Amino acid sequence: TQDVPETITIENMVSDVEKTVLNFRPNKAKAIGNYFGMVLSEKENNYLLYEKYALIYLETDYKNKNPEILNGAAWYFFEHIENKKSLEKALSWALESVAKESDFYNNDTVANLYHKLGDKNNARIYAEIALNLGKDAGEDTSTTEALLLKLK
């Protein structure tokens, strides 16, 4: 009998990465596999798999993650994910990003997540912070200004 080749899927690639890393850094294999799954799912615009891998990767130890990774994942959730519990997790990542290094982008992410979750008061607070930081940094703040208009 002839061997049928395994279908190449994101999940299979993640599994292969984990198996490879297991030989060299066993305690990091799952984390690296989940990060790889997150990155590959984003590249492939596979929102459900991105959500799955991001939740596993970031929730294991998100307080030790880089603020840009936290904000990037939170923004991706804002743009593509509708599950309220997942959006609440993304909000915690965005808030952690702000706590580590407050800038226009992560405050804007927090504002947008609060707005998507229906909390206009906190959305307004963070949008105003983002707007001030963005203007000080010379950023294009037009989308934040539009959000503030929606929140009036």
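**Entry 1: Glu59 and Lys89.** I started with the side chains of Glu59 and Lys89, which meet in a salt bridge at 3.3 Å, N to O. My cut-off for a salt bridge is a side-chain nitrogen of Lys or Arg within 4 Å of a carboxyl oxygen of Asp or Glu. Glu59 sits in helix α3 (residues 47-61) and Lys89 in helix α5 (residues 84-100), so this pair ties together parts that are 30 residues apart in sequence. Helices here are DSSP runs of H or I with at least four residues, strands are E runs of at least two, and both are numbered from the N terminus. For the record, buried is under 20% relative accessible area, exposed is over 50%, and partly exposed is in between (1.4 Å probe, protein chains only).

**Entry 2: what I am working with.** This is a predicted model, where local features need pLDDT of at least 70 and side-chain atom pairs count only at pLDDT 80 or more, while totals for chains, interfaces and linings use all residues. Residues are numbered from 1 along each chain as its sequence is written, and side-chain values use heavy atoms, with hydrogens and water left out.

**Entry 3: other salt bridges.** How many salt bridges does the structure hold? I get four. One of them joins the side chains of Lys30 and Glu18, at 3.2 Å from N to O. Lys30 belongs to helix α2 (residues 29-43) and Glu18 to helix α1 (residues 10-22), so the pair ties together parts twelve residues apart in sequence. Is Glu18 buried or exposed? Glu18 is buried, with a relative accessible area of 15%, whereas Lys30 is exposed at 55%.

I also noted Lys84 and Glu88, whose side chains meet in a salt bridge at 4.0 Å, N to O. Both lie in helix α5, four residues apart, which is about one turn of the helix. Lys84 counts as exposed at 51% relative accessibility, and Glu88 as partly exposed at 39%.

**Entry 4: α3 against α4.** Next I looked at packing. Helix α3 and helix α4 (residues 67-80) pack at an angle of about 145°, with their axes 11 Å apart. The axes are lines fitted to C-alpha atoms over the stretch in contact, and angles run from 0 to 180 degrees between N-to-C directions. Which residues meet? On the α3 side I find Tyr47, Tyr50, Glu51, Ala54, Leu55, Tyr57 and Leu58. On the α4 side they meet Ile69, Leu70, Gly72, Ala73, Tyr76, Phe77 and His80. Contact means heavy atoms within 4.5 Å. The residues of this contact divide into eleven nonpolar, two polar and one charged. That grouping takes Ala, Val, Leu, Ile, Met, Phe, Trp, Tyr, Cys and Pro as nonpolar, Asp, Glu, Lys and Arg as charged, and the others, Gly among them, as polar.

**Entry 5: Lys52.** I checked Lys52, which lies in helix α3. Lys52 counts as partly exposed at 38% relative accessibility. Its C-alpha atom is separated by 12 Å from that of Leu87, 35 residues apart along the chain.

**Entry 6: whole chain.** The protein chain has eight helices and zero strands. Its C-alpha trace spans about 70 × 30 × 30 Å along the principal axes. Of the 152 residues, 39% count as buried.
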